[in-house]
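Trainee: Could we go through this model together? I would like to begin with the whole chain and then turn to single residues.

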Amino acid sequence: MISQTPSFGDLTFHVQTFGCQMNKHDSERVVGMLENLGARDVGTIEEADIVVFMTCCVREAADIRLIGQVNTMKNVKLRPNSPLSKRIIAVGGCIGQRDGEKLFDELPHLSVVFGTNNLASLPGLISDVLDGCGHRAETIDESKLFPSDLPSTREHSWAAWLPITIGCNNFCTYCIVPYVRGREKSRTLEEIVAEAQRYVDAGVKEITLIGQNVNSYGRDLYGEPRFAEVLKAVDATGIERLRFATSHPKDLTDEVIGMFGSLRSLMPALHLPAQSGSNAILEAMHRNYTVERYHELIDKLRDACPGIALSTDIIVGFPGETEADFEDTYRLVDEVGYSQVFTFIYSKREGTPAASMPDDTPREVIQERFDRLVDLVQQRAYLANQAELGATIPVLVEGASKRDAALLTGKSPKNQTVHAPLPEAVSLSDIVGTIAPVKIDEARTWYLKGHFV
Ligand code: SAH
Ligand code: SF4
Ligand code: F3S
């Protein structure tokens, strides 16, 4: 396909990421590895000789989107001075792990498929293709290597994702993640703290500890969860802002709850996926808590940290969901008053237990429930933001707003999006990545607006 084998130094690449924080973190490793080899990161598919898709299959829509995207790539011409005669397209992440070699049947112009445990193999697989192998795939079930052991180029210099566990043992009956990310494995406390310290020393302002269920951190290594210890140890590195995702309600301990409002760096925001407000559905989902228990956790969190911003995930239309079940969910969302709710229509995932549960609720009924819930969510998000009017809050500035270059955008401690104009006599590069106070003049459903003081 090429007359002389080009080296990575001659090539450009682009990584497109779908899905959760795990994929975002893995993408930073992919960028780091390819840059280390000399390839140049470019902003668009058109300019890239190598395009890497980091994929998600948690819902069907994501699958369909990937196939569509990779198919349209057939029509995207290579850049004029590319040393390649054909663009290298690689699919990684959760679809890569799930489908492996099979993807070549569906997408014949694909060059490389790699799984969630095979990040480190990507450069070798690409080299093989450069050397004339038609296409290459590698998906293994387990890896000894944590993705954090690979080189990384972080998306933002001031923020870092820090994986403390990979995989998941919970097997919620609707969820594909345990099948594509494997069993839960924790990193040692020493490794986590060392990485956090490196970030702090490099000027990082915010660390987000990530795992599918950070609350069960350490069970595999120490015989019992030790997440509270991780929080204390990372706080002690001197990091300014500490967050974590995701937290399973069944494993959220009083000790961890107590850290909100008492641990210096821990931000007053928690994402606590409820999934449903009906005990029958929670049981069918294999979530291992009741709605009463969930409410208890919310009460304790608000006692520990009044004003804590709570967010959640809700699935509408799980197999067998009745109108009464849905009303229970609606009531839960109404009673808790979340700052943000991520609402999903149930999507059947082959191979999961829920895929074989009887599911006869008509599509229109599910859609109508979903719309009703989204209305409530928006009202609540609007109310939560109204409470900030007139307040002055410290904002971690991320850069210019995508919609309006004259506006800066950043995050409040409660993780709200905050916009404010760049103050006169301040340059963009001086303010990005710093924490600066903003007085809030306007509160909308999805953002706050104000001015730097
Ligand atoms: N480990 C995390 C994230 C899992 S995926 C957690 O437990 O919260 C993120 C969200 O996607 C889930 O919380 C769930 O609400 C949603 N989700 C997962 N599988 C789904 C499915 N089959 N259909 C619809 N939503 C789903
Ligand atoms: Fe999926 Fe449940 Fe694991 Fe979250 S905890 S990744 S929803 S199986
Ligand atoms: Fe999607 Fe995989 Fe994350 S399926 S939600 S990218 S773990």
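This is a predicted model: local features need pLDDT of at least 70, side-chain atom pairs count only at pLDDT 80 or more; totals for chains, interfaces and linings use all residues.

Trainee: What share of the residues counts as buried?

Mentor: Of the 453 residues, 53% are buried.

Trainee: Which part of the contacts with a separation of 6 or more comes from residues 24 or more positions apart?

Mentor: Such pairs account for 72% of those contacts.

Trainee: How far apart are the mean positions of the positive and negative charges?

Mentor: They are 2 Å apart, with 46 positive and 62 negative charges in the protein.

Trainee: Now to single residues. Where is Glu-388, and is Glu-388 buried or exposed?

Mentor: Glu-388 sits in the loop between α14 (363-386) and β15 (392-400). With a relative accessibility of 8%, Glu-388 is buried, because the cut-off for that class is under 20%.

Trainee: What does the side chain of Glu-388 make a polar contact with?

Mentor: The partner is the side chain of Gln-416, at 3.4 Å. If residues up to four places away in sequence are set aside, Glu-388 touches Ile-393, Lys-414, Gln-416, Ile-440 and Leu-448.

Trainee: Where does Asn-415 lie?

Mentor: Asn-415 belongs to the loop between β16 (407-411) and β17 (417-421). Asn-415 has a relative accessible area of 39%, so this residue is partly exposed. Its phi is near 75°, a positive value in a residue other than glycine.

Trainee: Moving to the backbone, which residues does a cis peptide bond join?

Mentor: The cis bond joins Ala-245 and Thr-246, with omega about 0°. Most peptide bonds are trans. Thr-246 is part of the loop between β11 (241-245) and α10 (254-259).

Trainee: A change of topic: which helix holds Asp-220?

Mentor: Asp-220 is in helix α8, residues 219-222. At 39% relative accessibility, Asp-220 is partly exposed.

Trainee: Which side chain is joined to that of Asp-220 by a polar contact?

Mentor: That side chain belongs to Ser-186, and the polar contact is 2.5 Å. Beyond neighbours within four places in sequence, Asp-220 is in contact with Glu-184, Lys-185 and Ser-186. Thr-165 is 55 residues from Asp-220 along the chain, and their C-alpha atoms are separated by 10.0 Å.

Trainee: And where is Lys-300 found?

Mentor: Lys-300 is in helix α12, which covers residues 291-304. Lys-300 is partly exposed, with a relative accessible area of 29%. Apart from neighbours within four places in sequence, its contacts are Asp-254, Ile-257 and Arg-293.

Trainee: How far apart in space are Lys-300 and Ile-257?

Mentor: Their C-alpha atoms are 7.1 Å apart, while 43 residues separate Lys-300 and Ile-257 in sequence.

Trainee: One last residue. Which strand contains Thr-343, and is Thr-343 buried or exposed?

Mentor: Thr-343 lies in strand β14, residues 340-345. A relative accessibility of 18% places Thr-343 among the buried residues.

Trainee: What is Thr-343 in contact with, leaving aside neighbours within four places in sequence?

Mentor: The residues in contact with Thr-343 are Ile-314, Phe-370, Leu-373, Val-374 and Val-377. Asp-371, 28 residues from Thr-343 along the chain, has its C-alpha atom 9.7 Å from that of Thr-343.

Terms used:
Residues are numbered from 1 along each chain as its sequence is written. Chains are lettered from A and ligands numbered from 1 in the order in which they are written. Side-chain values use heavy atoms; hydrogens and water are left out. Buried means under 20% relative accessible area, exposed over 50%, partly exposed in between (1.4 Å probe, protein chains only). Contact means heavy atoms within 4.5 Å. Lys and Arg count as positive and Asp and Glu as negative; His and the chain ends are not counted. The place of a charge is taken as NZ of Lys, CZ of Arg, CG of Asp or CD of Glu. Helices (H or I, at least four residues) and strands (E, at least two) are DSSP runs, numbered from the N terminus. A polar contact is a pair of N or O atoms within 3.5 Å; within protein, one must be able to donate a hydrogen and the other to accept it, and residues adjacent in sequence count only if both atoms are side-chain atoms.
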